[in-house]
Amino acid sequence: MKNKLIILLFVLFGFIFNHTCAFGDNIEEAVKLYNEGIDKYNASEIDKSIQLFNEAIKVDPNFYDANYNLAQILMSVGRYDEAIKPLEAILKTRPEDSETL
């Protein structure tokens, strides 16, 4: 669990320096939902975290960190089929992403 938290924090820092949003003004809403998803994950509210990451992705389908964290959480709870969609979204915008591959 500690390793997953470290990964999520690392991704969050990467987001701060690396994220671009396809929907301009909606970035604040997507980031808000994403951050709430992180908070819920840290509070062991996995289903709520999944829901919030999905909502952030609806606002910005190219939101790398939301897609990445959603896929990681889904895989960690054995929901592999559901993890395919966010992984595919990552590969559309970052086909060279070695970790996703």
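Tyr64, Asn67, Tyr68, Leu70, Ala71, Leu74 and Met75 of α4 meet Tyr80, Glu82, Ala83, Pro86, Leu87, Ala89 and Ile90 of α5. This is a predicted model. The chain has 5 helices and 0 strands. Its elements run α-α-α-α-α from the N terminus. Of its 101 residues, 39% count as buried.

**Chain overview**

- Contacts between residues 24 or more positions apart make up 50% of those in the chain with a separation of 6 or more.
- The chain has an accessible surface of about 6200 Å². Carbon and sulfur atoms hold 56% of that surface.

**Packing of α4 and α5**

- The axes of α4 and α5 cross at roughly 160 degrees and come within 8 Å.
- Angles over 145 degrees count as roughly antiparallel, so α4 is roughly antiparallel to α5.
- The α4 and α5 crossing is left-handed.
- Leu74 is one of the α4 residues that meet α5.

**Packing of α3 and α4**

- The axes of α3 and α4 lie 9 Å apart, at an angle of about 150 degrees.
- These two helices, α3 and α4, are therefore roughly antiparallel to each other.
- From α3, the contact uses Ile46, Ser49, Ile50, Phe53, Asn54, Ala56 and Ile57.
- From α4, the contact uses Ala66, Asn67, Asn69, Leu70, Ile73 and Leu74.
- The crossing of α3 and α4 is left-handed.

**Packing of α2 and α4**

- The axes of α2 and α4 are 10 Å apart, and the helices pack at about 25 degrees.
- Angles under 35 degrees count as roughly parallel, so α2 is roughly parallel to α4.
- The crossing of α2 and α4 is left-handed.
- On the α2 side, the residues in contact are Tyr34, Ile38 and Tyr41. On the α4 side, they are Asp65, Ala66, Asn69 and Ile73.

**Nonpolar core**

- The largest nonpolar core holds 20 residues.
- Tyr34, Phe53, Ala56, Phe63, Ala66 and Leu70 have the most contacts inside this core.
- Four helices each supply at least two residues of the core: α2 (27-42), α3 (46-59), α4 (64-76) and α5 (80-93).
- Ala56 touches Ala30, Leu33, Tyr34, Phe63 and Ala66, leaving aside neighbours within four places in sequence.
- Ala56 also belongs to the α3 side of the contact between α3 and α4.
- Tyr34 belongs to the α2 side of the contact between α2 and α4.

**Leu74 in α4**

- Leu74 sits in helix α4.
- Leu74 has 2% relative accessibility and counts as buried, because the cut-off for burial is under 20%.
- Not counting residues up to four places away in sequence, Leu74 touches Ile50, Arg79, Tyr80, Glu82 and Ala83.
- Leu74 takes part in the contact of α4 with α3 and in the contact of α4 with α5.
- Leu74 and Ile46 are 28 residues apart in sequence. Their C-alpha atoms are 9.1 Å apart in space.

- Ile38 lies in helix α2.
- At 6% relative accessibility, Ile38 counts as buried.
- Ile38 is among the α2 residues that meet α4.
- Ile38 and Leu52 are 14 residues apart in sequence and 8.7 Å apart in space, C-alpha to C-alpha.
- Lys40 is also placed in helix α2.
- Lys40 is partly exposed, with a relative accessible area of 27%. That value falls in the partly exposed class because buried means under 20% and exposed means over 50%.
- Lys40 is in contact with Glu45, Lys48, Ser49 and Leu52, leaving aside neighbours within four places in sequence.
- Lys40 and Gln51 are 11 residues apart in sequence. From C-alpha to C-alpha they are 9.9 Å apart in space.

**Loop between α2 and α3**

- Ser44 lies in the loop between α2 and α3.
- Ser44 has a positive phi of about 60 degrees although it is not a glycine.
- Most residues other than glycine have a negative phi.

Terms used: Residues numbered from 1 in each chain as written. Predicted model: local features only at pLDDT ≥ 70, side-chain atom pairs only at ≥ 80, totals over all residues. Heavy atoms only, no water. Core = buried A, V, L, I, M, F, W, Y, C linked by side-chain atoms within 4.5 Å. Buried < 20%, exposed > 50% of the residue type's maximum accessible area, 1.4 Å probe, protein only. Contact = heavy atoms within 4.5 Å. Areas by Shrake-Rupley, 256 points an atom, 1.4 Å probe, with all protein chains shown as cover. Axes fitted to C-alpha atoms, helices over the stretch in contact; angles between N-to-C directions. Parallel < 35°, antiparallel > 145°, perpendicular 65-115°, else oblique. Left-handed = near helix turned anticlockwise from the far one by under 90°.
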